[in-house]
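Hi everyone, thanks for making time for this. Please have a look at the structure on the screen, and we'll walk through it together.

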Amino acid sequence: MEALSHSPQETEALAAELAGRLAAGDVVTVAGELGSGKTTFVRGACGALGVRERVTSPTYTIGHRYHGNGVEVSHLDLYRFEGVSPAEWGDLEPYFEHAIAFVEWPEAGDGILPPPRFAVRLRHAGGGRAVEIEEC
């Protein structure tokens with residue numbers, strides 16, 4: 001599915017729609033260039049999953065764990081990684097346990113991250129964002 005978003009609210013609404021299809025254990029990769037709306041997308045999904053904490057980019061902390069309605073939600077950002085070594089995977093693995101995990105910049109984890117249930121790609125398109133959601 002591909003949609004065009006003209007605002008952060010529209011991007012969040014697309015993510016909320018996807019969130020209704022997710023369950024603990026699901027991984028969602030969220031790819032796109034800088035400023036394309038990756039964290040905005042994750043914020044929308046988290047809101048729909050009942051997260052009440054402030055959802056921010058975990059670029060410098062690598063990951064956040066949030067508490068939703070009956071589900072834990074992890075938000076990872078691998079922007080600062082060139083790749084993920086087995087030792088680094090040991091630090092990341094707990095984020096995937098018993099949670100829905102959203103992974104920004106998933107390219108850095110190719111070959112080591114669990115397979116995604118959905119792959120999201122955002123890109124600049126005119127005055128808005130193109131949002132592509134693919135079930136894997």
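Let's begin with the sheet: seven strands make an open sheet, in the order β1-β7-β6-β2-β5-β4-β3, with mixed pairing. Strands here are DSSP runs of E with at least two residues, helices are runs of H or I with at least four, and both are numbered from the N terminus. Two strands pair if DSSP finds at least two bridges between them. Which strands stand at the edges? They are β1 (2–5) and β3 (63–67), and each has a single partner strand, so one side of each has no neighbour in the sheet. On average, neighbouring strands are turned by 20 degrees against each other, direction ignored.

A word on what you're looking at: this is a predicted model, where local features need pLDDT of at least 70 and side-chain atom pairs count only at pLDDT 80 or more, while totals for chains, interfaces and linings use all residues. Residues are numbered from 1 along each chain as its sequence is written, and side-chain values use heavy atoms, leaving out hydrogens and water.

One of the residues involved is E2, whose bridge partner in β7 is E132.

Now the helices. α1 lies across β1, β2, β6 and β7, at about 150 degrees to β1. Axes are lines fitted to C-alpha atoms, for helices over the stretch in contact, and angles run from 0 to 180 degrees between N-to-C directions. α1 also packs with α2 at about 50 degrees, their axes 7 Å apart. That makes α1 oblique to α2; the word covers whatever is left once under 35 degrees is roughly parallel, over 145 roughly antiparallel and 65 to 115 roughly perpendicular. Among the residues of α1 that meet α2 are L14 and L18, and on the α2 side we find F41 and A45, among others.

What about the inside? The largest nonpolar core has 24 residues, and V28, V30, F41, V73, F102 and V120 have the most contacts within it. Such a core is a set of buried Ala, Val, Leu, Ile, Met, Phe, Trp, Tyr and Cys residues joined through side-chain atoms within 4.5 Å, and buried means under 20% relative accessible area, exposed over 50%, partly exposed in between (1.4 Å probe, protein chains only). α1 (8–19), α2 (38–48) and β2 (27–32) are among the elements giving two or more residues to this core. Apart from it lies another core, of 15 residues, including L78 and F96.

Terms used: Contact means heavy atoms within 4.5 Å.
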